[in-house]
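Have the sequence and the 3D view ready.

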Amino acid sequence: MSFKTALCAASALALTAGVAAAQTTVTIATVNNGDMIRMQGLTDDFTSKHPDIELEWVTLEENILRQRVTQDIAANGGQFDVLTIGMYETPIWAKNGWLVPLDDMGDDYDAEDILPAMRAGLSHDGQLYAAPFYGESSMVMYRTDLMEAAGMEMPEAPTWEEIRAAAEAMTDKENEVYGICLRGKAGWGENMAFITTVANSFGARWFNENWEAQLDSPEWAEAVSFYNDLLENYGPPGASTNGFNENLALFQQGKCGMWIDATVAASFVTNPNDSTVADSVGFALAPNKDGVEKRANWLWAWALAVPAGSDATDAAKTFIEWATSKEYLALVAENEGWANVPPGSRTSLYENPEYQKVAFADMTLQSINAADPSDPTVGDVPYVGIQYVAIPEWAGIGTAAGQEFSAMVAGQQSPEEALSKAQALVTDEMEAAGY
Amino acid sequence: MARAVTTRRKTINSLAAWTVGLLIFFPILWTILTSFKTEATAIADPPVFLFFDWTLENYSVVQERSDYMRFLWNSIIIAGGSTLLGILIAVPAAWSMAFVPSRRTKDILLWMLSTKMLPAVGVLYPIYLLFIQLGLLDTRIGLTIVLMLINLPIIVWMLYTYFREIPGEILEAARMDGAGLREEILFVLTPMAIPGIASTVLLNIILAWNEAFWTLNLTAAKAAPLTAFIASYSSPEGLFYAKLSAASTMAIAPILILGWFSQKQLVRGLTFGAVK
Amino acid sequence: MATQHARSAARLMMAPAVILLLGWMLVPLTMTLYFSFKRYLPLRGGDLGWVGFENYARFVTSSSFWPAVQATLIIVGGVLLVTVVFGVLIALLLDQPIWGQGVVRILVIAPFFVMPTVSALVWKNMFMDPVNGLFAHLWKFFGAEPVSWLSEAPLFSIVLIVGWQWLPFATLILLTAIQSLDSEQLEAAEMDGAPALSRFFYIILPHLSRAITVVVLIQTIFLLSIFAEIFVTTQGSFGTRTLTYLIYQRVLESQNVGLGSAGGIYAVILANIVALFLMRIVGKNLDA
């Protein structure tokens, strides 16, 4: 069989497949986080309402998902009809004309209800391009029982120094209790998201107004060595390979005294089915260095968008409408309880008296409201984004720099070395990109 | 006396060999065992080996989350299809190289093998673009063709080494008896080549089944094989060892069973016919 | 002697395989070559014009280039060493008369059937995890501090994982070779009072040289392009970024297709140097 016949056969097959399918198939690329897995489990509700639409799920680990989705949209591969993307990608891709605007959602969709911070982050030129499935900021989650045993109390808005003291008091390595768990796994959406917020809260910034990298500043040095000291002295072993999910597992097993991470984690660590410490978790605002006006809160949304190359745009929008609607929230509440509803997307959720009873609802909203992507740092910056820099080069820069900081946490290099390497490679990449 | 020594030596050797064998096999055994534990037992300290409450829950959770059968079916089609296609193309080539060698035969063989060294990442982007143009992205046909092409040099090489072992006199005898080229291939060569072809097929099914670069990068949903199935479990969501183990067991079981049953042919195939 | 007719028939039969492989090699390679001279950034609108050799210069002068070459060589060399040394030892052991030889052989070859993504996941999580991994439990049992394998001994860990996968292959080839060894020769040497060690070095090892060559050749082909094991475990952190992985990051993470393509061309050149070197050895062996 020659290549040509094979190709003919391929196209013939594709043709018959197209004719045979009476239904529209929507291929959804999503991340394997808990809320998405839950959504996948509730597929039946959608298909019973829309029998003409068939859903195909591609669930991938976060880093893999990002690469696959970026590759697909940049090369116009058209493999997916619904993409799970974040606040970083949405404005950049929208600007390139790669996303379908979500302006014609159904009447009862109530786009005005979406939290203003999320709306702003997922729009380009005032037009919404991705609908938030859930939104998050970051906050401190801590073990109330361990704090009590140490005779300490967590302020509602702690400083980094107070966090350090608490971590020291709670650390009990004999019994595998580590004062603080933080992200160390390399990746722009993993350790760099966290480290960047730490830097912000120490008064540092990635670039100055002329797009010159600032990692050689004293603020960065202070922030990074503080982060490194925390993990070295009070962190779990192997912190350099821990990302969100690894830390979640550790916290659920009762091995972390504190964990500063995404607000969505609150529902997982307080869920008695999965968490051994569900009854004794407290929440506080993300810390800052005493006297610095910015806190280490980030702002992120996992959102659903339709790529411009999709051949099932309408069906894809129908799905997004379902997955990000108020009804979906109610559906999850009915099945799993209000605490497990995907948080941070809609104002009405936080006005719901049922939801207000949930322990972490208030702190989540406070954290989200404390974050402002358009003014992330103490000094002026030419970019948007708190825990990321909204330029196409960021994914490359962030991941490469992330690997240097990860090696630092692993003890392979000092904070100074990591920073000077990161400064060099960021400068390189920015030059290559023509800044 | 002599016999006692032999028995003693055999015992010691057996003991050593079994220890080594079990040590090498242990990671797989541990994975299979863990797949029957609850998540809490899976991380118990000290680890539990055999005495725990066996459960099938993980398998049902994994099946519920991802449609195992579809991934399995894709794997079977892609691995089987690419091997079949590869054999169809490679048999004539290997036959002519083995029986009608020319000055350039060896160069061609080595050149073919050298295409195997082409780093896949170096050509990923072009292939991706070509696939989009040809509409082959996320199709089983596209993946079958790619896997066939990356394994073709190995198939040709293996078949060549097998065919070369078939004594030329037999062919000459057949020709004397008036057999044409077609009869020669059909009735003389084929029966003698069957074991070699079988080994080649087996090895290539395994290589294609386990291929994890192209299968991950060129598929999304429709054509995704088991390598993609496992990729959705590649980071923990809370406690996950038992679920990961169940998914892993499901991904490797078919090929493990196939491999064990066809051990003899495989040993032959694994040596690529290069070592007698 | 083959007739003219047979020759043309032979050429015809070889044609599909040769043409397909030629196409498979040339078409993407030409495209990669083309991209490598371009500033090609899909996220910034794609093709931004010709830049000559800028990408090539940038790729080799980047601070991650030489460490990547080094990591590649360490991993390939390490795995070859581990598989050949242990392969010979295990093959010698399995060649002895033992009870249940068939079963032991099944146990030993099993890792070869495990797909790389699965084995990397299983090793990373269930064995090497510094908190819940089996090694950590073992270390604690002996009162030692658990090791965070993938960050404290990253190259060693990768070599261990990949070596485990390829050990069966080496063992089987070497075992087949040992079994073909003339046992009379060995027995004669034993009678003459040659100690086991010199029997090994003067009789067994020379006999195995061809098999070892095959192991080295075939494994090198596969090892130069290992990807899944790194992708799943460290994603290139801690000095495990091989050349393959560096190119992957340039193309897919930074979405700098021009730069990545230049890297791809370097990798092709490197692979061909290795290939040439190996082919020489194997070419000789094919005649033998």
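## Before we go on

This is a predicted model: local features need pLDDT of at least 70, side-chain atom pairs count only at pLDDT 80 or more, and totals for chains, interfaces and linings use all residues. Residues are numbered from 1 along each chain as its sequence is written, while chains are lettered from A and ligands numbered from 1 in the order in which they are written.

## Chain C against chain A

Here chain C puts in 27 residues and chain A puts in 32 residues. On the side of chain C that touches chain A, α1, α7 (149-152) and α12 (243-253) of chain C each supply at least two residues. Helices (H or I, at least four residues) and strands (E, at least two) are DSSP runs, numbered from the N terminus.

## Chain A by itself

Chain A has 19 helices and 10 strands. Its radius of gyration (taken over C-alpha atoms) is 22 Å, close to the 22 Å from the globule rule (2.2 Å times the number of residues to the power 0.38) for 435 residues, so chain A is as compact as a globular protein of that length. Its C-alpha atoms fill a box of roughly 70 × 50 × 45 Å, taken along the principal axes.

Among contacts in chain A between residues at least 6 apart in sequence, 74% link residues at least 24 apart.

Key: Two residues are in contact if their C-beta atoms, placed from the backbone, lie within 7 Å.
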